Amino acid sequence: MKFKRVVIKVGSHVLTENRAVSKKRMIDLVDLIARLMERDIEVILVSSGAVSAGYTVLPLDKLTIGNKQVLASIGQPLLLKMYQEKFAKYNLLCSQILLSAADLDSKKRTHLAQVTIDNLLKNRVVPIINENDVIATEELVFGDNDQLSASVTDNFNAELLVILSDIDALYTKDPRRHSDAEIRKEVSQITDEELKDMPSPNGEFATGGIVTKLKAAKYLLDRDKQMFLSTGFKLDDIESFLLNGVHRGGTLFKK
Ligand code: ADP
């Protein structure tokens, strides 16, 4: 299936390396987005990473939520500057959209954002969305933009959410703890049991773990949308799926 509009969400853990934003991973991501756009697939990017970017210039303790907000506020323009430089190499523009989940509860605000995003995409500009961390802390505390990106996918008329994670797929159990865990390639429903597990984020910049991803997937399945979970460290699997329609690695959530 060829997608018309997709949302790509990249987590903090993928974008962060040695406590700073990884240039190489950002370049790979921007390169993929440029190639998708060449094939007329519209892309909305939901990017974490503001806290890590802020931390490189002011190493405050990241354990307090107040400090995280300060770091996000410092890091957000730095992160966007990095994206702008990378997109410029492809003669592409990107833009910043800061949202909180509450904005999408309001029909009026959602509509205003929809119109702007449609217009940005018409002008071949890549909208880069992040939670507005100064006035909202949901995703800073729990979820790392997993929920926000699901909501963005539904509200801004995308067919698919791609979550680029530090794990290459959904497994039958946590593969870091169980060597007999097996990949689940296609998932068509998510049970309440699976959503009850405790969050198990991997790494100090990550917050969600697999549960917030399953919640995002359930939200989208309930709305007849699809989600694809794959690794953000190597983009071959997602590239193969989006550009060639070949599902090699990664998990497709589809009804
Ligand atoms: P990200 O930073 O990419 O958002 P997280 O570290 O928050 O990702 O969550 C992904 C982690 O969830 C994996 O690295 C893995 O250790 C853990 N995990 C727990 N259960 C599972 C499972 N069933 N399948 C895949 N990963 C799982």
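Ring pairs link Phe-3, Phe-228 and Phe-241 into a cluster; rings of Phe, Tyr and Trp (its six-membered ring) pair if their centres lie within 6.5 Å. This is a predicted model, in which local features need pLDDT of at least 70 and side-chain atom pairs count only at pLDDT 80 or more, while totals for chains, interfaces and linings use all residues. Residues are numbered from 1 along each chain as its sequence is written, and side-chain values use heavy atoms, leaving out hydrogens and water.

**Aromatic rings**

- The structure holds 3 aromatic pairs.
- One of them is Phe-228 with Phe-241, which is stacked, at 4.3 Å centre to centre and 15 degrees between the planes (planes under 30 degrees apart count as stacked, over 60 as edge-to-face and the rest as tilted).
- Phe-228 belongs to strand E11 (residues 226–231) and Phe-241 to helix H10 (residues 236–244), so this pair ties together parts that are 13 residues apart in sequence. Helices (H or I, at least four residues) and strands (E, at least two) are DSSP runs, numbered from the N terminus.
- Phe-228 and Phe-241 are both buried (under 20% relative accessible area, with exposed over 50% and partly exposed in between; 1.4 Å probe, protein chains only).

**Charges over rings**

- The charged end of Lys-62 sits over the ring of Tyr-55, 4.0 Å from its centre.
- Arg-223 lies over the face of Tyr-219, 3.7 Å from the ring centre.
- For such a placement, NZ of Lys or CZ of Arg must be within 6 Å of the ring centre and within 35 degrees of the ring normal.

**The sheet and strand E6**

- An open sheet of 8 strands runs in the order E5-E6-E4-E1-E7-E11-E12-E10, with mixed pairing (two strands pair if DSSP finds at least two bridges between them).
- E5 and strand E10 (186–187) stand at the edges with a single partner strand each, so one side of each has no neighbour in the sheet.
- In strand E6 (residues 125–131), 7 of the 7 residues are buried, so E6 is largely enclosed by the rest of the structure.
- E6 runs parallel to strand E5 (residues 93–99), joined by 7 bridges, and parallel to strand E4 (residues 42–47), joined by 2 bridges.
- Ile-128 in E6 is the bridge partner of Leu-45, and Gln-96 stands opposite Ile-128 as well.

**Helices on the sheet**

- Helix H9 (residues 210–222) lies across strand E7 (160–165), E10, E11 and strand E12 (251–253), at about 155 degrees to E11. Axes are lines fitted to C-alpha atoms, for helices over the stretch in contact (heavy atoms within 4.5 Å), and angles run from 0 to 180 degrees between N-to-C directions.
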